[in-house]
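Q: Could you walk me through this one slowly? I'd like to ask things as we go.

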Amino acid sequence: MKSIKPLKITPKEVEIMGLTLTEKILKAHVVDGEFVKGNEIGIKIDQTLTQDATGTMAYLEFESMGIPRVQTEKSVAYIDHNTLQSGFENADDHRFIGSVAKKHGIYFSRPGNGICHQVHLERFGIPGKTLIGSDSHTPTGGGIGMIAIGAGGLDVAVAMGGGAYYITYPKIVKVELTGKLSPWVAAKDVILEVLRIMSVKGGVGKVIEYTGEGVKTLSVPERATITNMGAELGATTSIFPSDEITKEFLKAQKREEVWVELKADEDAVYDEVINIDLSELAPMVACPHSPDNVKSVKELGKLKIDQVCIGSCTNSSLLDMSKVAYILKGKTVDPSVSLAIAPGSKQVLNMIAKNGMLSDMIDAGARILESACGPCIGMGQSPNSKGVSLRTFNRNFEGRSGTKDGQIYLVSPEVAAASAITGYLTDPRELGIMPEFVLPEEFEINDNMVVTPAPAEEMDSVEILRGPNIKPFPTTVPLADEICCECSLKVGDNITTDHIMPAGAKILPLRSNIPAISKHCFTVCDEAFPERAENLGKSIIVGGSNYGQGSSREHAALAPLHLGVKAVLVKSFARIHRANLINAGILPLTFVNEEDYDKISLGDKLSIDGIIDDIKNSRNITVKNNTNGAIIEVKCELSERAADIVLAGGLLSYTKEKLSK
């Protein structure tokens, strides 16, 4: 049914072989660097997106560059994360982002218009284009054949200013799909199977490219579910071909003119191959507290549940809502279960309201939430203590739901809706014959909640509206040649950005205020860390494997920067977080020998000498543990450009220096 086959390719073979779809799009966009596997390449970015939890900081960074108008083909600012307005902070951020958008040529998707990835897929995404977004689930755009990559806000700001976005020419994994999904088995089960095979760190440095006859059986919303959750693999992005099914979707969105056929060459060569027979898949579940802790519904058995949440950028399409409404129609949610449903966009909400599906959900006892991220980012609907919550979301990290001991399981909308009725984890195949669910020939089109930028002649007169919670980007300084300080924190493997910089309704409103949000940095792991780090003035963090997995939030680098963290020394990094550390001017170090992790303890006094020369000459760096006498060899693998960024004190300083020249 499935296998992973690493392939060995010689440079000579590459010259005569065809290209993968990923390579075709990347090659067409390369503006810097040699297009050779493993090299760093700079690519031109056609589109950008931001959301409000990361957007304010991204636009403060863009403003500081002094560029009057965005240089991309289209940039869109979405309000979808911090929509719970329990104080002035979020509303002030929305107002600030709206005014920046109007002034600098950015389209502004107002609160209520929907989740950035769902709306972008519907209204703005274009096959063959490049997109980066200050949200890790930007790869949703791969569902229509885009190279869509999640990045830190500063990278997005640079791209808006016309700068290239830099990645390592990735390895490309071919996931060949055969067969067709059985009734009540979903696209969510496909990506859960890929996660089961590859793990949450198996995609680092790779692009996942879906091919095979099975692709033709999947609609665009189903493809988008798969590429969206590909972020949990740690992959650079995921992509499907642009074919007749893509064309039908865009035609229904009245955007057929942007369609172009895109596919890999027949003789394209991949670095790895995974085979999945869709017909052999069953309903799956990702168990607490990791998206790759995957089991079948059958394996888990009759699990009593307390809550069901349906929505998020992974599973909030019209297709998903149609299936949920069908399952709920004429039924009543079990009295022991709280069911919340959040349609992904105003378009979806309007359409289910007009066709009666919304009424079916309400009649069954569902609580209808606004078209926003909501519970997925910890904005409301936290489960009861030790509560078992089934969610159609993409992450189930410990505490992310807002309930520290909540037991979060990730499932398809079909499993979620069936379970809400029974009160137990339920295999939707027990529902009997599944009807055919088809997308409409025409979607409801109403873009009245998207504000276009001001005309060019009016831009200079637009006033930027700033609230008192909006603070400037943290001050950075060029890298010192010597670091002597304590280890202020030691953590284990798979530390997520939710550990480093928690989300949720209490903390997210502080995203525009780095000094205030820094007081919550790492408190999930060690409540004393913020005060300890601030008192030390400067320090080093030590961690295990896959450090920084999860979201693109650059706040997980900016808060440690504010607290004086000079270096992070780990066994391995997640891609986006490592890039964010570099952008913040924090040294990303990895152990040459992972066993040396045990040679450092909290509070140990560490020293590093001759850093600048070692970095310039791409040499390993020596860390001395002055507390126990250990000598530890570490790597700081940086491209020439990344080294210059770190030496300058971060990407903002580096970019300003470049612009001044």
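Q: Which residue in S6 is the bridge partner of Val 76?
A: The partner of Val 76 in S6 is Tyr 107. Please keep in mind that this is a predicted model, where local features need pLDDT of at least 70, side-chain atom pairs count only at pLDDT 80 or more, and totals for chains, interfaces and linings use all residues. Residues are numbered from 1 along each chain as its sequence is written, and side-chain values use heavy atoms, with hydrogens and water left out.

Q: How many bridges join S5 to S6?
A: There are 3 bridges between strand S5 (residues 74–78) and strand S6 (residues 107–109), and the two strands run parallel. Strands here are DSSP runs of E with at least two residues, and helices are runs of H or I with at least four, numbered from the N terminus; two strands pair if DSSP finds at least two bridges between them.

Q: What order do the strands of the open sheet take?
A: The open sheet has 6 strands in the order S8-S7-S4-S5-S6-S21, with mixed pairing. Its edge strands are S8 (147–150) and S21 (450–451), each of which pairs on one side only.

Q: Changing topic, which residues of H13 are buried?
A: In helix H13 (residues 357–364), the buried ones are Met 357, Leu 358, Asp 360, Met 361 and Ala 364, where buried means under 20% relative accessible area with a 1.4 Å probe, counting protein chains only.

Q: Why do they line one face of the helix?
A: Seen down the axis of H13, the buried residues fall within an arc of 160°, so they line one face; the arc is that of the directions from the helix axis to the C-beta atoms.

Q: And what do those buried residues pack against?
A: The buried residues of H13 pack against helix H11 (318–328), strand S17 (338–341), helix H12 (346–354) and strand S18 (367–368), with contact meaning heavy atoms within 4.5 Å.

Q: At what angle do H12 and H13 pack?
A: Their angle is about 80°, with the axes 4 Å apart. H12 and H13 are therefore roughly perpendicular to each other, a term that covers 65 to 115 degrees. The contact is made by Leu 349, Ile 352 and Ala 353 of H12 together with Met 357, Leu 358 and Met 361 of H13.

Q: Which residue takes a positive phi just after H12?
A: That is Gly 356, at about 95°, while just after H13 Gly 365 takes a positive phi of about 110°.

Key. Buried means under 20% relative accessible area, exposed over 50%, partly exposed in between (1.4 Å probe, protein chains only). Axes are lines fitted to C-alpha atoms, for helices over the stretch in contact, and angles run from 0 to 180 degrees between N-to-C directions. Angles under 35 degrees count as roughly parallel, over 145 as roughly antiparallel, 65 to 115 as roughly perpendicular and the rest as oblique.
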